[in-house]
Amino acid sequence: MVKVYQRKTCQVVEPTEYKAGLLDKLYGTAWGRFLLPVLTRPSLSYLLTLKDYTPCSRKKIAAFVENYQLDLVDYEDAPYSSFAAFFQRKIKPGLRPVCLDNQVLAVADAKLETFTISQNLQLTIKGQIYSLDDLLMDEKLAQLFRGGTALVYRLGVEDLHRYLAAESGRIVQRRKIRGRLHTVRQVAQKRRLIYKENKREYCLLDTDLGPVLQMEVGALLVGRIYNHSQDSLVRGQEKGCFGLGGSTILVLYSADTIRLDQDILTYSDLGIETQIQMGEKIGEKLCLND
């Protein structure tokens with residue numbers, strides 16, 4: 001069972017997972033795994049979600065809001081023209097303040113875990129060993145983060161699907177990688193190297209902390225990644241949003257540049273995610289380049 005530490009209440013809970021039974025069968029049975037190559041194609045995800053971009057999908061909003069106890073007063077643009085429009089809702093100004101410049105900010109409303117990038121450029125996420133070379137598909141780039149820190153933000157369907165820039169800086173490299181669209185939940189992470197297999201795109205920033213990489217990862221029924229077109233990013237400003245479903249953001253920091261808050265480190269060591277809100281403090285910066 002998935003467990004999440006709620007920072008606001010200091011409690012560990014077992015949250016409701018959207019369509020958990022269906023995903024268990026898809027990834028945990030022989031017939032489900034037989035269908036995976038077809039069901040994880042981006043083209044099929046687009047097709048299956050087309051109806052959610054039409055006005056007839058608005059009736060789904062009320063049930064979703066009730067199930068996840070969302071307060072629509074917190075968001076802009078209501079009423080929404082479709083379920084997809086609701087999914088890309090914006091939070092009202094002032095409800096997600098950005099922490100101080102010398103602190104590490106959370107880039108999204110999400111379930112956060114942190115992982116150390118080993119000296120041989122590997123990181124272990126949910127028991128799966130990833131090579132950073134494979135994740136980035138760039139051996140030279142991976143070397144920049146040897147011994148560094150990987151922040152993995154898993155966005156549940158109930159989370160706000162807009163995200164911020166982790167740091168300010170000029171974008172010196174960007175890449176889009178075609179791939180599958182597996183779910184990012186633990187049921188899939190136990191069996192697939194999803195962050196290596198899934199569709200993803202990233203940008204490398206030249207910042208005061210040195211190189212910082214921010215990557216958005218598509219997921220089942222979430223093939224759409226909408227990043228704003230820009231040559232540089234400003235810390236705490238909106239970087240983009242996802243369309244429909246849950247997904248993931250990875251932020252990579254170089255070695256000895258940040259120190260994360262102890263509660264996040266403690267629960268990450270236990271394999272428990274921490275529910276955080278966009279803009280909140282999750283750590284401190286250790287050094288700034290001149």
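**Salt bridges across the chain**

At 12% relative accessibility, Arg-162 counts as buried (under 20% relative accessible area; exposed is over 50% and partly exposed falls in between, with a 1.4 Å probe and protein chains only). This is a predicted model, in which local features need pLDDT of at least 70 and side-chain atom pairs count only at pLDDT 80 or more, while totals for chains, interfaces and linings use all residues. Residues are numbered from 1 along each chain as its sequence is written, and side-chain values use heavy atoms, leaving out hydrogens and water.

The partner of Arg-162 is Glu-238, and the two side chains form a salt bridge at 3.1 Å, N to O (a side-chain nitrogen of Lys or Arg within 4 Å of a carboxyl oxygen of Asp or Glu). Glu-238 sits in strand S14 (residues 238-243) and Arg-162 in strand S8 (residues 162-164), so the contact ties together parts 76 residues apart in sequence. Strands (E, at least two residues) and helices (H or I, at least four) are DSSP runs numbered from the N terminus. Glu-238 is partly exposed, at 27%.

Across the whole structure, the search turns up 14 salt bridges. In one of them, Asp-261 meets Arg-7 at 2.9 Å, N to O. Asp-261 lies in the loop between S16 (258-260) and H10 (262-269), and Arg-7 in the loop between S1 (4-6) and S2 (11-13), so this pair links parts 254 residues apart in sequence. Both ends are buried: Asp-261 at 13% and Arg-7 at 18%.

Arg-7 also pairs with Asp-263, with the closest N and O atoms 2.8 Å apart. Asp-263 belongs to helix H10, so here the parts tied together are 256 residues apart in sequence. Asp-263 is partly exposed, at 22%.
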